[in-house]
Amino acid sequence: MTVSDVLTAALGAVALGAGLLVVTTRHVVRAGLWLVVALGAIAGLYLVLTAELVAWVQVLVYVGAVVVLLLFAVMLTRAPIGASDDLDRARWPGALIGAGAGAGLAALLIDAFRWTRVDLPEPGTAERLGAALFRTWVLPFELVSVLLLAALVGAIVVSRPDIGARVAQRRRG
Amino acid sequence: MHPALPFTIAALLFGIGVYGVLVRRNAVLLLMAVELMLNAVNLVFVTADASIRAAVPQAGQSFTLFIIVLAAAEIGVGLALILQLYRLRRTVGVDDLPLSDAVEAPGVEASGDAERAVAAGRTADAQRSGGHAAGDGTGVAG
């Protein structure tokens, strides 16, 4: 066991515990806050695994933007502030399938890697990752920007009820 | 560094996400569970990048960045859909959704719901969207 192993185990325990609370807590708002803890722990795992830039992007985009958006949605849909009992369906089928998927994947990956030891590569700094992105992955990068624009326009169209509705009404009438 | 450790964490995190998607009723909580699953996949990519020598350096981390961007786009569209759903039906429970819109197709059922919402006088917002929908409904009827 090296220092990075200990750090990985500790951060992984935090991430798993917080993730479990996200899917089991009876408070909607607390689920969002536990998601912050889980995503932060995963960002720490990225740092241990030498993915520097990815860790900071995770903090910026996930913890900064996605969780805030989710909390906005919680507030705008007027979720109850206290505990609510009707958040979950029957638990055991979901628990069975979730545990099966998790255990199966874990068994597969553990069987593939056993207890082999690897030396960590050079850290993925912004310079190295930028070179990889703009040399090897330029086309996907540009496509992703088009996809973001499409998602932006799509979100606006979906949230404006007056854009598509009148045409449908006219056709129906 | 033993790669089996982060790989196991990622697999278990994915299982937790699957459980959340299957069990949660609230659509916002469902999206949170989907985020957990996406993060588990990202963790697999980053761990593989650190533990397997690939022909293209930093491929796994580049893929992780792409997935983070995709997740941001997904969450934007998903939340727009959820808010629109809440505006129309005053609920975000995925169990309350009809599987087909055959019942609502003539526009009679929807306007009836809206009029009931107005009669109940729940909120100003409900009255605004309900009045709008009711007006459209009477327009169709006329």
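This is a predicted model: local features need pLDDT of at least 70, side-chain atom pairs count only at pLDDT 80 or more; totals for chains, interfaces and linings use all residues.
Two residues are in contact if their C-beta atoms, placed from the backbone, lie within 7 Å. Residues are numbered from 1 along each chain as its sequence is written, and chains are lettered from A and ligands numbered from 1 in the order in which they are written.

**View 1. Where chain B meets chain A.** Here 83 residues of chain A are in contact with 64 residues of chain B. On chain B, the elements that give two or more residues to this side are H1, H2, H3 and helix H5 (124-141). H3(B) brings the largest share, 20 residues. By class, the side of chain B that touches chain A has 44 nonpolar residues (Ala, Val, Leu, Ile, Met, Phe, Trp, Tyr, Cys and Pro), 5 charged (Asp, Glu, Lys and Arg) and 15 polar (the others, Gly among them).

**View 2. The largest nonpolar core.** A nonpolar core is a set of buried Ala, Val, Leu, Ile, Met, Phe, Trp, Tyr and Cys residues joined through C-beta atoms within 7 Å; buried means that 20 or more other C-beta atoms, placed from the backbone, lie within 10 Å of a residue's own. The largest such core has 77 residues, and A:Ala38, B:Leu13, B:Val28 and B:Met32 have the most contacts inside it. Elements that give it two or more residues include helix H2 (28-48) and helix H3 (52-76) of chain A, as well as helix H1 (4-23) and helix H2 (27-51) of chain B. H2(B) supplies the largest share, 16 residues.

**View 3. Around B:Met32.** Which residues is B:Met32 in contact with, leaving aside its neighbours within four places in sequence? They are A:Val22, A:Ala31, A:Gly32, A:Leu35 and A:Leu70.

**View 4. The helices of chain A.** Chain A has 7 helices and 0 strands, where helices (H or I, at least four residues) and strands (E, at least two) are DSSP runs numbered from the N terminus. Its radius of gyration, taken over C-alpha atoms, is 21 Å, well over the 16 Å that the globule rule (2.2 Å times the number of residues to the power 0.38) gives for 173 residues, so chain A is more spread out than a compact globule. Its C-alpha trace spans about 70 × 50 × 30 Å along its principal axes.

**View 5. Two domains in chain A.** An automatic or database domain assignment divides chain A into domain 1 (3-84 + 91-136) and domain 2 (137-173). Their C-alpha centres lie 29 Å apart.

Methods: A residue is buried if 20 or more other C-beta atoms lie within 10 Å of its own, exposed if 12 or fewer, and partly exposed in between; C-beta atoms are placed from the backbone.
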